[in-house]
Amino acid sequence: MAKVGISGIAIVAVISELGFPVASLIAGLGIGGLALALAAQKTVENLFGSFSIGVDQPFREGDMVKVEDFIGIVEEIGLRSTRFRTLDRTIITIPNGKLADSRLESFTARDRIRFVCTIGLVYGTTAAQMKAVLEGFEKALRDHRKIWPDVINVRFEELGASSLNIRVQAWFQTADFNE
């Protein structure tokens, strides 16, 4: 690049010494350079985005990630863009410049999986029955060998539209969603 730049300056200097007007030539080169820079802006943005993804490594090929509004598996990380296969088996391609500025969440990097559900009991449930159900759920979770024992939360949450709602929350000690 330096050789080309120095050669260009030398050519312009020689033409100027020969008595030709070079001001319009320099202006034309400046406008051409500006047009080229504007045309290459997205390409350079995507190139720096891919460099950023390569250095930070927020994900790798095969990882399951959430990118802003979709969840998918990283299929290919290229110089210009990255391809994801969604849960619906479609392909989404995002330019790396935009991806480097996006909110990314990696499911592959997690060390455990959160389990949360709401269970509804009929309004005729007595206080004793409610207590027995809460204790039964907590005991079942504490007895499970894959449940992280430090955070098990089983509690009455609300009076729902048609049920007494119980919220159950625990963490499975695995990173494999299928397990």
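Modeller: Contact means heavy atoms within 4.5 Å. The model is predicted: local features need pLDDT of at least 70, side-chain atom pairs count only at pLDDT 80 or more, and totals for chains, interfaces and linings use all residues. Residues are numbered from 1 along each chain as its sequence is written, and side-chain values use heavy atoms, without hydrogens or water.

Colleague: Which residues make up the largest nonpolar core?

Modeller: A nonpolar core is a set of buried Ala, Val, Leu, Ile, Met, Phe, Trp, Tyr and Cys residues joined through side-chain atoms within 4.5 Å. Buried means under 20% relative accessible area, exposed over 50%, partly exposed in between (1.4 Å probe, protein chains only). The largest core here has 11 residues: Leu-121, Met-130, Leu-134, Leu-141, Ile-147, Ile-152, Val-154, Leu-164, Ile-166, Val-168 and Ala-170.

Colleague: Which elements each supply at least two residues of this core?

Modeller: Helix H5 (127-143) and strand S8 do. Helices (H or I, at least four residues) and strands (E, at least two) are DSSP runs, numbered from the N terminus. S8 gives the largest share, 4 residues. Another core lies apart from this one; it has 9 residues, including Ile-53, Val-65, Ile-94 and Leu-99.

Colleague: Back to H5. How do I read a helix with a buried side?

Modeller: An α-helix has 3.6 residues a turn, so residues three or four places apart point the same way. In H5, the buried residues are Met-130, Leu-134 and Leu-141. They cover an arc of only 35 degrees around the axis, so they sit on the same side of H5. That arc is taken from the directions from the helix axis to the C-beta atoms.

Colleague: What does the buried side of H5 pack against, and what does the face turned away from it carry?

Modeller: The buried residues pack against S6, strand S7 (153-159) and S8. The face turned away carries the exposed residues Ala-128, Lys-131, Lys-139 and Asp-143.

Colleague: What length does H5 reach?

Modeller: Compare the end-to-end reach with the expected span, 1.5 Å times one less than the number of residues. H5 has 17 residues and reaches 24 Å from first C-alpha to last, close to the 24 Å expected. H3 has 16 residues and reaches 22 Å, close to the 22 Å expected for it.

Colleague: Which residues of H3 are buried?

Modeller: Asn-46, Gly-49, Ser-50 and Ile-53. The buried residues of H3 fall within an arc of 95 degrees seen down the axis, so they line one face. They pack against strand S2 (70-77), S3, strand S4 (91-95) and helix H4 (96-100). The face turned away carries the exposed residues Phe-48, Phe-51, Val-55 and Asp-56.

Colleague: What happens just after H3?

Modeller: Check the backbone angle there. Gln-57 takes a positive phi of about 45 degrees, and it is a residue other than glycine. Gln-57 is in the loop between H3 and S1 and is partly exposed at 42% relative accessibility. Glu-68 is another case, with phi near 50 degrees. Glu-68 belongs to the loop between S1 and S2 and is partly exposed, at 45%.

Colleague: Now the rings. How many aromatic pairs are there?

Modeller: Rings of Phe, Tyr and Trp (its six-membered ring) pair if their centres lie within 6.5 Å; planes under 30 degrees apart are stacked, over 60 edge-to-face, the rest tilted. That rule gives 3 pairs. Phe-59 and Phe-84 have ring centres 6.0 Å apart and planes at 65 degrees, so they are edge-to-face. This pair links distant parts of the chain: Phe-59 is in the loop between helix H3 (41-56) and strand S1 (64-67), and Phe-84 is in strand S3 (residues 81-86), 25 residues apart. Both are buried. Phe-59, Phe-70 and Phe-84 form one aromatic cluster.

Colleague: What else does Phe-59 touch?

Modeller: Not counting residues up to four places away, its contacts include Ile-53, Val-65, Val-74, Leu-99 and Leu-104. Phe-59 and Leu-104 are 45 residues apart in sequence and 8.7 Å apart in space, C-alpha to C-alpha. Phe-59 has a relative accessible area of 3%.

Colleague: How are the rings of Phe-115 and Phe-172 placed?

Modeller: Their centres are 5.9 Å apart and their planes at 75 degrees, so this pair is edge-to-face. Phe-115 lies in strand S6 (residues 113-121) and Phe-172 in strand S8 (residues 164-172), so the pair ties together parts 57 residues apart in sequence. Phe-115 is partly exposed at 29%, and Phe-172 is partly exposed at 27%.

Colleague: What lies over the face of Trp-148?

Modeller: Arg-112, at 3.7 Å from the ring centre. The rule asks for NZ of Lys or CZ of Arg within 6 Å of the ring centre and within 35 degrees of the ring normal.
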